[in-house]
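I opened the notebook to look up a metal site and some charged side chains. My entries are below.

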Amino acid sequence: MVKRAKITIRGTVQGVGFRPYVFKMAVGCALKGYVANTPTGVDIEVEGEDAGGFVDQLLKRPPALSSIEEASVEFLPLKGYEDFTIRKSPVNTAPSTQIAPDISICCDCLNELLDPNNRRYLYPFINCTNCGPRYSIIKAVPYDRKNTTMSGFPMCEDCRGEYVNPEDRRFHAEPIACEKCGPALVLDLPNRHYTVAAATPIESVIRLLKQGAIVGVKGIGGFHLICDALNGDAVKTLRKRKKRQKKPFAMMAATVDSCREFAHISDKEEVMLASPRHPIVLLKQRDSLISPLVSGGVGYHGLMLPYTPLHYLLFYHPSGSSNPPHFKSLVVTSANHPGDPVITDNDEAVGKLSGVADAFLLHNRDIYMGSDDSVVRVRQDGIPMFIRRSRGYVAEALLIDGDGPDVAAYGGDLKNTFTLLKGNHALLSPYHGDMENQGTMEFFSRNLKNMSEIFGINPAIAACDAHPGYITHAMAKESGAGRPILIQHHHAHALSVMAEHQLTADAVAVVLDGTGYGADGNIWGGEFLIANPYGFKRAGHFKYMPLPGGDKAAKEPRRMAVAYVVDAFGNGAGGALEAIGYTARHGGEFIDAILKIIPVREFSPLSSSAGRLFDAVSSILAIVDINTYEGQAAMELEAVISPEAVGSYPFRISEGGIVDFSGAIEAVVSDVVEGIGRGKIAACFHNTVINAVIDLAMRVSNTAGLRDVILSGGVFQNAYLLDNTIRRLKMLGLNVYTNEKVPCNDGGISLGQAYAARFMAKER
Ligand code: ZN
Ligand code: ZN
Ligand code: FE
């Protein structure tokens, strides 16, 4: 029977080849009607014998990159369509859809890129409806070429032919381009030390990299600095020029198999590496030719596969011999200075990096919205977790429970992201960085404005961290959305997990991180809460310790080591420090100065930080005394763990849930004095923290009668700690909830703030 079906779809359906897919399927089923992008998604009408079959087939097997959140189907009276068309997008309607993330080059495009008979042979901006830039080039919705940074490139006849041909795989591929009509590469060579005489910019860059040069390369979401990872001198030069002593560099290798030369890769990790989003995946190192300078003392490599045609050409350009690829592995690190946002603009790159890069590979397709590479790790249980959620994931919405007014949540001042809520969609910004930096603040403001405009979001509620000194706190106050809702830092961490898992009832939350403003005015960080979206009760915490010198204590783990040794040994502290070689290493003067300020609250505020405990032990073991980047001491401590070592140290939990590790510190010191290996001590220390977490979480769970346990906070980026804590809590029969879609570090707290703000707004 001839039928007419109207299908209304919401979800990620624009910029993912949805309309051409529908077109082909409809024509294949001999149906008539139309498909059109709408502000909220896609509308389809089909008319013909097989309308019902079409609906089933489409909803069962939508295009690979799309995700359908909601679909409604109506069967209506016949209209007598004459053909099937892709309708022009309507204008002047309130935008509220989401935009697809930037997607790595697909297999079809890769084949064409390397096929000498294809008209896009070696064209570094090849893309199609299934791949290429999206988020980074979009300026307004609907997602049409005129609303992207490709608007300045009129299509040539050949490209237009493909764009309008429903049978073509580039049908309505908005960034479609070719050598004739699209963006082009330029090589900028400010450093005359290198000379190149190559036919194309790509070939020149390959030669430069082979000579050990450092090249600034414009990617999809921003600029990278690239050098040959197997050239120790090049890596050393990059570290020196970038003033980056030890923080690990990410690498790019041509294939999963080439990654295997440098790291152990499980099936799940392989899936992550090769996903169309191509994040950096943290993988356990194996012995290889890679200079140890690349990873700088942590036990893993951050590896990713090439994700743009340009990246592929660096490995596979046919000049010379490209089989095997030109490079086994390249260091590919974001080009910005520490704390600065990703660099997106040609002039800015050349201006800021002239002292760092020997050459620049530039192009004229503008990056409208920048994003850093995303970083993920696959947990022991196979679930991926984010260290940073950015390129390849923004601005795909997360679904949350409930509906209500639009919300803007400003996040925290470190590792900042913001979250916008519209309906049941949570839109996370890309990773911004540290807000004390002027450039980062501007990046934040620009993204907030752009994303609000593109998605038509008018926040009626602002939410931010309760820290009165946070810049994000001040910005939220001035947002025009009224008095902001203040959310305690660790509550927000717990809420980020609740938002992800749509939890609303009381749960036990264990939040371990470095620093957060506490409700009692102290600095919190090792927290056991009973939390729900309306509020929380503090059920326990790591014992307060003085932070000698305040912020300096986070920078210098050796200060925390002295504080912990004083706490554990009292009057015997001097002897203990002497015995572990501290006096010799840091000098009596330094130790005396620290001892003097420890009792003075003005100079040594109190903190229950979990991060600082790891710092202290790292320094007692002489692993890291002074951090050159955030988290270094804890990361290098984790890296030395001997996995086969067993055992743990004593700790005490007193009335009121105060966790005291002085027994553990005493034992660590005595093991150091006895010459026990660091691998064993590090393992025992981690086991102690795990035991303490399990012990107190169980007590709180039993007392409150709650079976749901939440784990969050940046300290849980530690794989050994997280994997073992999850495993043991599950063995005890508890329901364990963790961050899977946003980072457990401060990059995820804006989601928690946003989620709770809706609940709290109802109460005020
Ligand atoms: Zn493609
Ligand atoms: Zn063209
Ligand atoms: Fe935090």
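I worked from a predicted model, where local features need pLDDT of at least 70, side-chain atom pairs count only at pLDDT 80 or more, and totals for chains, interfaces and linings use all residues. Residues are numbered from 1 along each chain as its sequence is written, and side-chain values use heavy atoms, with hydrogens and water left out.

Entry: the iron ion (ligand 3). I looked up its protein donors (N, O and S atoms within 2.8 Å of the metal, or 3.2 Å for Na, K and Ca). They are His489 (NE2), His493 (NE2), Asp513 (OD) and Asp746 (OD), at 2.0 to 2.2 Å. The angles between the 4 donor atoms run from 86 to 167°, which makes the arrangement irregular.

Entry: salt bridges. I counted a side-chain nitrogen of Lys or Arg within 4 Å of a carboxyl oxygen of Asp or Glu. The structure holds 30 of them. One joins Glu162 and Arg120 at 2.5 Å, N to O. Glu162 counts as buried because its relative accessibility is 13%; for Arg120, also buried, the value is 1%.

Entry: Arg239. I found Arg239 buried without a salt bridge, and Glu636, the nearest side chain of opposite charge, is 9.0 Å away. The Arg239 side chain does reach the backbone oxygen of Val294 at 3.1 Å.

Notes: Chains lettered and ligands numbered in written order. Buried < 20%, exposed > 50% of the residue type's maximum accessible area, 1.4 Å probe, protein only. Lys, Arg positive; Asp, Glu negative; His and termini not counted. Polar contact = N/O pair within 3.5 Å; in protein donor to acceptor, adjacent residues only side chain to side chain. Tetrahedral: all angles 85-135°; square planar, octahedral: opposite > 155°, others 65-115°.
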